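Come along and check each entry against the picture.

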Amino acid sequence: MRSPVTGPRVLLKRLREVMAEPLGAQQRLDTIVQSIAANMVAEVCSLYVLRADNVLELFASQGLNPEAVHQSSLMVGQGLVGRIAATARAINIADAKEHPSFAYLPETGEENYSSFLGVPMLRAGRSLGVLVVQNRAAKQYHEEEVEALETSAMILAELIAAGELEGLNERGIGLDLTKSVTLEGVPLSDGVGFGNVVLHDPRVVVTNLFNEDADREIERLRAALTALRISIDDMLSRGDVAGDGEHRDVLEAYRMFANDRGWVRRMEEAVLNGLTAEAAVEKVQNDNAARLMRQPDPYIRERLNDFDDLARRLLRQLMGRHGLVEKLPDNAVIVARSMGAAELLDYDRENIRGVVLEEAGPTSHVVIVARALGIAVVGQAQNVVARVENGDKIVIDGDGGSVFLRPQPDVEEAYADKENFRITRLAHYARMRDVPATSKDGHSVALMLNVGLGADLPQLEETGADGIGLFRTELQFMVSATLPRLDEQEAFYRNVLDAAGDKPVIFRTLDIGGDKVLPYMQHISEENPALGWRAIRLALDRPGLMRVQLRALIRAAGGRDLQIMLPMVTEAREVREVRRIIDKEMRLLKQFGHSMPKSFRLGAMIEVPSLLWQLDELMQIVDFVSVGTNDLFQFTMASDRGNQQMANRYDALSRPFMRMLREIVEAGKRNNTDVTLCGEIAGRPLAAMGLLAIGYRSFSMSPSAIGPVKSMLLALNIDRLAELVLNLLLEPSNGQTLREALTDFADERGIPY
Ligand code: PEP
Ligand code: MG
C-alpha cells in the first residue's frame, strides 16, 4: 500500500502556484519561504544561496530578522548551514545549539529556535545553497518533512540555475554558478579550445516539475524502468558483449542496479510527493551525484557512477530522447565524463574546438581519434561535468592541461590572441599548400602524412602532402567494438586508396600488443609489454589475423599500387616469412580471379636497434625502409616513450642517436633502397633540419606538422647546414650540442622552426 503523503503534495501544489505568479525574483523567494514555513508549521524558513566567493548569503527568510536578509552570511563549512553546503547532506536535529558546528549569528535572532532541519539545494551533485526550517520547540523532523523540504530545495536549485536570482544580492557578487573556475587536468591533445560548453550527455533539463496525477506518473516511471531493463538485457545478449570479460561484469551490475528496490522506491516516493517522473529521477540522481562527488573509495564511486548512468538513460527514456546528437553550435567544446571514440565521430567535427573529459588517458581511443582530428583535449578534469551548464564560456589549453570555465576577460583575451595567432599561421600554411617542398638550395623533399582513420583522409587534400607515409591500420581495430571482418577491412582500405587518388599510401600491418590493446581480444598481461608479444611477433604466431588483413589489402588494391610495411621487425628472417605469406595470398587470390595490384612494394620499419647490424641484409630483401624513431629512440636509449619522467631526459638530436640515423640513410644509398622517416621528430622543424642535414629526403608526420616543416624547408640551405652538422657529428659531445648549433643556424638566417 502506498502511504498517502499529503503534506508534501499540498506544499508542491502551492509552490507550483507561486512559480506561475508574475512576481519579481525577491518577492517570489519571500513567498516561497512563507509557503514552506506555513506548510511545515515551522516558525522559520530561510534560504541561503552560495555566492561566487564561497559565501552563503541569506537570500530570504520567514521568521528571522528581516534586516538580516542579504546582510547575514556564512562561509562554506562554517556553522550548520555551511556544513550542509560543504557535505551536501541534510542535518536534522532537535537542539541546534548542541551541535558542534553550531555558529550563532546575532543579527538573525535565531537563538530563539531549538530544532533545525537544513537540506542542500543540489544541482548535478553540487550545492547551490541551503534551505532551512526551524522551530522553537525541540523536535526531530519526520522523514516525510525531510522529503518535502528536499523536494522544495530541488525546485529552488532549478530557479537558481535558470539565472532567476542573479543581481539580487546588493554587493554585486555573482552566484557560485557564474563564477570563473580553473581546473587543472592532463593535456592529451595539443591546441587551444575556445568556445561554448556542449555537455556530451546533457543533463536533461527537466522543466516539468509538478505532476497532475501521481498514479499516471508512477505508471510512466514503471514503463520507463521496464524499457530500461529490456535495453540492458538486449545489450547483454548482443553478440559483441555476449562473451565473458570485464565489460560483461559491468553490464551485469547495471542489470542488478536497474532492479534495485531502494532506488526505485526513492523515485516512486518523490512522485507520490508531487513530482513528475522526470523530476523524481532527477531528484534521486542529484542525491546520488552529491554522494559520488564526495566519495573517495573508488569501488563505491564506480557503483554510484553506474546509478548515475542509469538515471541518465532513464531520463532519456522518459523524455523520448535516445542519445540523438543534436546539431552543434559553432565553437563547441564538448564536456563529458567519458566518451567513446565512435561518439566523438558522430558529431559534426567542423564545429568542435575541444574536448574535456573527467576520465580518459593518453591511450584512450577517444583521445587517439581527437588527436587524429586535431582537436584539443584535456583529461582528468575532476567534476567538470557538474560545474558547467550548456552554453557556458570555456577555454581549454590542450598543451598545458588547464580548463577555464566562464573565464575572466583577461584569460579570454590571452587565449583569443593565441588562437588568432594560430589561425593566421594556419592560413599561411594553407597558402603554401601547393608550393613544392623544395629547399632554398633546390633539394626536393617528400612530406607525407601519418594517419589511421577515415576521418583523417581529407587532410591529404588540405595539407597538400605527397601521400600517406604511415597508415596505422590498428586504429580501425582499436575504435571498433568487434574485430573488423575481411569485407569491412577491405572496404575501409579501398576507401583510403580512393581518397589518396594518385598519391602513394603505405599501409602498416597491425601494430597491436604492447599498450595497444584490442578490447575484444584476449589480453595477456606482460611484465614489459613494449618488449613483448606485439606487432609482427604476434602476427607471425597468429597468422590467421595477418592473413585476413593482407587479403583485405590485396583485394582493396586490385588494379592499383600497393605498399605494405611491417612494424617492429627485429630480424631480417621475419620479413622473409611475411613475404612468403603474401606470395601465397597473392597466388590464391589470383586463382580465384581477383584483380591483382598493379605493383607491390614491401617495407620494414626500423624501430628495433638490432636491425642496425642487419642493414645490408634487410635492405636487400625489402623495397623500402621507414625509420620509426618513436620506438627506435626508446629502445636505443632504454627510455620509455610514455613515461613523463623520461620525457625530456635524452635528446633525439644528441650525437649517438643522430649517428645511428645517419648509418641508416647511408645504408639506403649503398643498397639503393628508399629510406623514409615517420617518427614524431620528423614533424618538429628543428629536428627535421637535423635530419635533412644528415641526408634524409623523405618524411611522414602528423598533418598539423606539414605547414611548419615546409616553412622551415623553404628557407633552408641544406648543403650549408650539412657541412656544419656532419662535422659536429664527428666531435665528442662535450662541446656545442647539435640542438644548440641548429638553433643558432636557424636564428642567424631567420629560418622558422
Ligand atoms: C614509431 O615507432 O616511430 C612509429 C611511427 O610507430 P608508432 O608511433 O605507431 O609506434
Ligand atoms: Mg612504433
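Predicted model: local features only at pLDDT ≥ 70, side-chain atom pairs only at ≥ 80, totals over all residues.

**Entry one: the open sheet.** I began with the order of the strands. Six of them make up an open sheet, which reads S3-S2-S1-S6-S5-S4 with antiparallel pairing. I then checked the edges and found strand S3 (73-75) and strand S4 (91-93) there; each has a single partner strand, so one side of each is left without a neighbour in the sheet. From one strand to the next, the twist averages 20 degrees.

I picked strand S5 (residues 115-123) and strand S6 (residues 126-135), which run antiparallel and are joined by nine bridges. To find my place along them, I noted that Leu117 has Val133 in S6 as its bridge partner.

Is S10 mostly covered or mostly open? I found that strand S10 (residues 332-336) is mostly covered, with five of its five residues buried. Ala332, Ile334 and Ala336 point one way, Val333 and Val335 point the other way, and all are buried.

**Entry five: the partners of S10.** Strand S9 (residues 192-199) pairs with S10 in the parallel sense over four bridges, and Val197 stands opposite Val333. Strand S11 (residues 352-357) also runs parallel to S10, joined by five bridges. Here I marked Ala332, which stands opposite Ile352 in S11.

Technical notes:
Residues numbered from 1 in each chain as written. Chains lettered and ligands numbered in written order. Heavy atoms only, no water. Buried < 20%, exposed > 50% of the residue type's maximum accessible area, 1.4 Å probe, protein only. Helix = DSSP H or I, 4+ residues; strand = E, 2+ residues; numbered from the N terminus. Pairing = 2+ DSSP bridges. Axes fitted to C-alpha atoms, helices over the stretch in contact; angles between N-to-C directions.
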